[in-house]
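Please keep the structure open while reading.

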Amino acid sequence: MPDAMVAARASDAARGTPRQVDVAVVGAGFAGLYLLHRLRKAGFTTVALEEAGDVGGTWYWNRYPGARCDIQTIDYSYTFDPELEAAWTWSEKYATQPEILRYLGFVADRYELRRDIRFGTKVTEASWDEATERWQITTDNGAPVSCRHYIMATGCLSAPKPPEIDGVKDFKGEVYFTGRWPHDGVNLAGKRVAVIGTGSSGIQSIPLIAEQAAHLTVFQRTPNFALPAHNGPAPSDRMSLLQGDRAAYREQARQSMAGVPYPQQTAVSWQLSDAERRARFEEAWGKGDLVYILTQLWADQAVDVDGNRLICDLIREKISAVVKDPETAAALMPHDHPFGAKRPCLDTNYYATYNRSNVTLVNLRQEPIKAITAGGITTARRSVDVDVIVFATGFDAMTGAIRAVHPITGRGGKSLSDVWAQGPQTYLGLTVEGFPNFFMITGPGSPSVLSNMAVSIEQHVDWVVDRLAALRDAGFTTIEPTEAAQAGWNRHMADCSTLTLHRLANTWYTGANVPGKVQGVMPYTGGVGPYRSICDEVVSRGMLGFRLTGPNVAAQCNDGEAVRLQPDVRLVLNLLATLNLPPIESMGALGARAFVNEFNKGRPAGRPIGDVVDGTLPGTDGPLPYRVYKPAAPGPHPVVVYFHGGGWVLGDEQSDDPFCRDMVRRTGMMFVSVGYRHAPEHRFPTAAEDGYAATRWIAEHAAELGGKPGPVLVAGWSAGGNIAAVTCQLARDRGGPDIAGQLLVCPVTDCDFDRPSYNDNATGYFLTRSLMDWFWDLYCSPADRIDPRVSPLRGKVAGLPPAFVVTCEFDPLRDEGIAYAEAMAAAGVPVQQLKARGHFHSSFTMVDVVITGAPGRVQMAEALRRFAGLPPEVSLGDEHSHGHTSPGHRIAAAAS
Ligand code: NA7
């Protein structure tokens, strides 16, 4: 039939009577198939619109040689039906594309899903009709569809990216895209082949193409980390875990960070010797498992550049051990991104392929492609004649399939492309404000591609279908997220993006692979388990952040943000809640001290620094212990006198060890942590007077301690912040010592419990109102509480050294810290404040756990250096070590 006739017939159909369904789904891959099954079981009428000729999604299109999954297949499977699990056995650890496609066909048959799928059908437009509260969908094949709910199950990597290279049309040979590989295969035997691109598709296909081709030339722009898959039967250790307790295995995957049941690593890299690290690495290398090597080496591997660099070095060693030509080996070694920040690959014989005489690597960093010509590819240095060009150049990921494929018009004629012009905005990665009854499975803002997709897909589908059923049962016909909820999710996304190193690489995760695309970390980096718990919490809090309406029911809108805490603070607090600890104040002072000591033992040691020296100094009534923390660089360094936290009752000169070490590394200054005496044995004003006496002694003996003579600085956290603040007032009033600046982190500044933060954060954030009550009772009689030596806010605040005051949103002490900063500023003291959003009282001292505290500590270090008259450089940790501007950071900055 001529094309024009087909088009005419299609457009006739498009004008026909719409087919009415409850739910229309786009896509019949992993997500679409499970959606159809669940929707049907929940009693909804449905249709799935699928461009391809059969089910499979990604696995329908990506048929290039060597295409396989790279999550172990026993994990990359549906888990919703134990009978389905029993009915299917995978033949390999990593199944091939044909086997996965057979599996999806098997699933479609088993649940008779094909009858609700319209194949060969592309959606051409989708619009929300306000009057009928339905989506109107037109397609290029068959009648339009009218549906109450519209669900995109379009996958994250389904819109291939154009090659963006001049001259493709001039090429006279064969052209293939890995993502659109011909169904009946391609004969490459005896041909000169070019592969452009070395992502997963390139790395999987190159060894097999090299075996067939007369000559293969690989055009590599960015080298990638690849690990041997060691494919074969499913590993017996994983199989026995699965078979031993299938339900528990699956549940652990659902609660895990990446959707594969591996535990959280606790050992940090600097606690392990070189030999121990190498042994762990070799074990991981031998396993051939991406999720294992990405998560099981050491706790800081994915969050800290130093911990990550150790792995990069070890992988580069492996590359140079395999690839014989040193120049080729060097070109294959990634240096521009942390391991895991760009999607690493699993391979079979990838690096060894470059030892073949019929394979050439062209390093496009040294000789960019100038053009594709009739006969081949011309770079800045050579022309390569080829018969075939294979583009393994990737996808417009995450948003491409949703945004670019067809116009989606929501409420008030708003187009999704316009709404997302500055980057995707979603609530939970599932919904978009202004687009009622519209859902995305594994959309931007969901863990999707940073997880085992099978686990994320099941979670998303279950959540969406359960919600649709609940809405229907309650008489609601529309659901839409609110502006506040969506803005909150975007802030949370930006907070999460500071947790991991993904922001430090130019990848399809950030949109950097598509010229002109707005950049930012698109998948949710906070982990599968936490994400699931947030989705569940949204439901348990009355569909928080959604507006629900229906013709015969009152509209419902419980507006608010799903997560206001920093992601790691949320994890810490949830963990503490599950421990069900007795309140510290119920333990008595001795019991509380024993508890805190025990608690601190479980925390990793602080990072290595130059030197740590213990000593004692003469206090007013006898010796006081101190601990000196020295930077690695040769001194003398300015001296910071530090006072630990603990409510004047708990802690000692070692208890804020990780914080002191971190600050020493960042400031390049020397910290002297003082062991002042504690209540109830030594009540007010002992701690204050000890603090002042110690500061005076340390200032007088700075040189002996290895520090720089001259003014000192003071710093402290919590009750230690109180002592630091008081010390500054006493030093001003008692003729010295000279103090160049004060860093007050969540300080106690006043005895008044009436400020809002004491009520807002009275419980639930570890430091409670009742614990503060107890501390005050042990330290200070009611009559003494207004004394400025314990309530410095009640003292004279003029003439104090410049201050940096840190307060945390979810801290009972927040408002008194702010009040002290404001009072000092009003009195003419130079004051800078950091009001830390989403943080709690311990955020900045839990250095090893609350990763999102790092930028705050950078600011503290900058302030201390400024007070000491040092140039502003501080060690920032991760952000700048790779010389990247981070898209994630830009978003985070914009959101805060
Ligand atoms: P990827 O991972 O996006 O890889 C695409 C590759 O193509 C990558 O090496 C790109 O280099 C390269 N590329 C893209 N455009 C060009 C141009 N214009 N010139 C030269 N080289 C180019 O896609 P894949 O299909 O391999 O894998 C996608 C995902 O599927 C994978 O991550 C797994 O999750 C499964 P760049 O790195 O951008 O410099």
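Is Tyr111 buried or exposed? Tyr111 has 13% relative accessibility and counts as buried (under 20% relative accessible area; exposed is over 50%, partly exposed in between; 1.4 Å probe, protein chains only). This is a predicted model: local features need pLDDT of at least 70, side-chain atom pairs count only at pLDDT 80 or more, and totals for chains, interfaces and linings use all residues. Residues are numbered from 1 along each chain as its sequence is written, and side-chain values use heavy atoms, with hydrogens and water left out.

**Aromatic pairs**
- The whole structure holds 43 aromatic pairs (Phe, Tyr or six-membered Trp ring centres within 6.5 Å; planes under 30 degrees apart are stacked, over 60 edge-to-face, the rest tilted).
- Phe80 and Tyr111 form a tilted pair, because their planes meet at 50°, with ring centres 5.6 Å apart.
- Phe80 sits in the loop between α3 (58-61) and α4 (82-87), and Tyr111 in the loop between α5 (97-110) and β3 (117-118), so the pair ties together parts 31 residues apart in sequence.
- Helices (H or I, at least four residues) and strands (E, at least two) are DSSP runs, numbered from the N terminus.
- Phe80, at 21% relative accessibility, counts as partly exposed.
- Ring pairs join both residues into a cluster whose members include Phe30, Tyr34, Trp59 and Trp88.

**Charges over rings**
- Arg63 lies over the face of Tyr60, 4.8 Å from the ring centre (the cut-offs: NZ of Lys or CZ of Arg within 6 Å of the centre and within 35 degrees of the ring normal).
- The charged end of Arg472 sits over the ring of Phe44, 4.3 Å from its centre.
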